[in-house]
Amino acid sequence: MFEELTLLQLQQYWWIIISLLGGIFGFIMFVQGGQTLFGSISKGDETLKTMLVNSLGRKWELGFTTLVLFGGALFAAFPLFYSTSFGGAYWVWMAILFCFIIQAVSYEYRKKPQNFLGQKVYESFLFINGSLGVILLGVAIATFFSGSAFSVDENNFSHWHTSLRGLEALTNPFNLSLGFALFFLVRISGALYFINNINNDIIRDRAIKSIKINMPIFLVFFSIFLFILFTKEGFAYNNEGLVYLEKYKYLINFLEMPVVFALFILGILMVVIAVVATIHFNMTCCIKTGGVGIVLTVMALFLNVGFNNTAYYPSIFDLQSSLTIQNSSGSHYTLTTMSYVSLMVPFVIAYITYVWYQMDKVKITKEEIEDPHAHNY
């Protein structure tokens, strides 16, 4: 089946998979967003805080599953990107990895007896994961559009040309605009999740108030990101693989790929609809609508930067070192073999859906948390 596809078709197939996994991970980061809301929603009430932590404690591992899939897909399909970015911009990736490690430790040890660090320390770790970790991840993704200072030699060895090793991306306002937009977006999705998952009027009211605050800020940062994106020069390449700068490249990509543009617009509309329905109609199920919207929006952005002869990981040091889905992928044999493995992705998504359904059969209540026999994170 996959053997009959050309190398380009396999490369495109894998970029679609990576885009989908990126979108799913963007949705599951409601866990990170929810972690930053513990203080503002609980306001010092330990029972409410435990309800919030337990709610996310049931789901945080799903994010790790998706993150491993996303990283594994990139490594298998586009190994040159993996070696260039993770081998060059290692300080920013190490910082992101650290933020996710302390999340896992925090859920495991937050309420362990004889916890020498103390509960507050682990709650601070969760806030760091949900704030710094998310912002850094957004900044790293923004470099897919803005570029990084690296070169790749004839032996495919990459060389990074700044001593900050990826942290220099934090000095670019464009990168920061996406980082902060992502931060406020996951806070919105975290609040939507609490409203759906926890049966408590106080939490619901405070979550709605947080959405009212975070939504306008998100729109400001996201609008800045889109304005710069659609007006900046992009990194295009011709049929010979020669990379060059093209004005309005990313806007042109959407216009020349109407299906991708439609997914992008639909995704944004679904997020807005989810917020409006929650605030004005008191609906509690909008995490589903908003979640699908996030998946579509993130997926469309990945498709925009990878398709239509666009360098998805551009070099601002040496244009011809920029990575495209054609010059950074594995061989036809490797992509064919891994394509069969990719048929497991629907089963993984089905597993996540099933686990989610089983966990949410009964909503979290105050009575459950106060039960001395209940397992609390």
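Author: Let's start with a helix contact: Leu185, Ile188, Leu192 and Ile195 in α9 meet Val271, Ala274, Val275 and Thr278 in α12. Contact here means heavy atoms within 4.5 Å. The residues of this contact divide into 7 nonpolar, 1 polar and no charged. Ala, Val, Leu, Ile, Met, Phe, Trp, Tyr, Cys and Pro count as nonpolar, Asp, Glu, Lys and Arg as charged, and the others, Gly among them, as polar.

Reader: Thanks! What kind of model is this, and which atoms do the side-chain values use?

Author: It is a predicted model, where local features need pLDDT of at least 70, side-chain atom pairs count only at pLDDT 80 or more, and totals for chains, interfaces and linings use all residues. Residues are numbered from 1 along each chain as its sequence is written, and side-chain values use heavy atoms, with hydrogens and water left out.

Reader: Good. At roughly what angle do the axes of α9 and α12 cross?

Author: The axes of α9 (residues 173-197) and α12 (residues 258-281) cross at roughly 45° and come within 11 Å. Helices are DSSP runs (H or I, at least four residues), strands likewise (E, at least two), numbered from the N terminus. Axes are lines fitted to C-alpha atoms, for helices over the stretch in contact, with angles from 0 to 180 degrees between N-to-C directions.

Reader: Why are they called oblique?

Author: α9 and α12 are oblique to each other because of that angle: under 35 degrees counts as roughly parallel, over 145 as roughly antiparallel, 65 to 115 as roughly perpendicular and the rest as oblique.

Reader: Switching to backbone: what is phi of Asn156 and of Asn282?

Author: Phi is near 65° for Asn156 and near 55° for Asn282. Most residues other than glycine have a negative phi. Asn156 is in the loop between β1 (150-152) and β2 (158-160), while Asn282 lies in the loop between α12 and α13 (286-306).

Reader: Buried or exposed, those two?

Author: Asn156 is partly exposed, at 45% relative accessible area, and Asn282 is exposed, at 57%. Buried means under 20%, exposed over 50%, partly exposed in between (1.4 Å probe, protein chains only).

Reader: Last one: how many disulfides does the structure hold?

Author: The structure holds 0 disulfides (pairs of cysteine sulfur atoms within 2.5 Å). Cys286 is in no disulfide, and its nearest cysteine sulfur, that of Cys285, is 4.9 Å away. Cys286 is buried at 4% relative accessibility, and Cys99 is buried too, at 1% relative accessible area.
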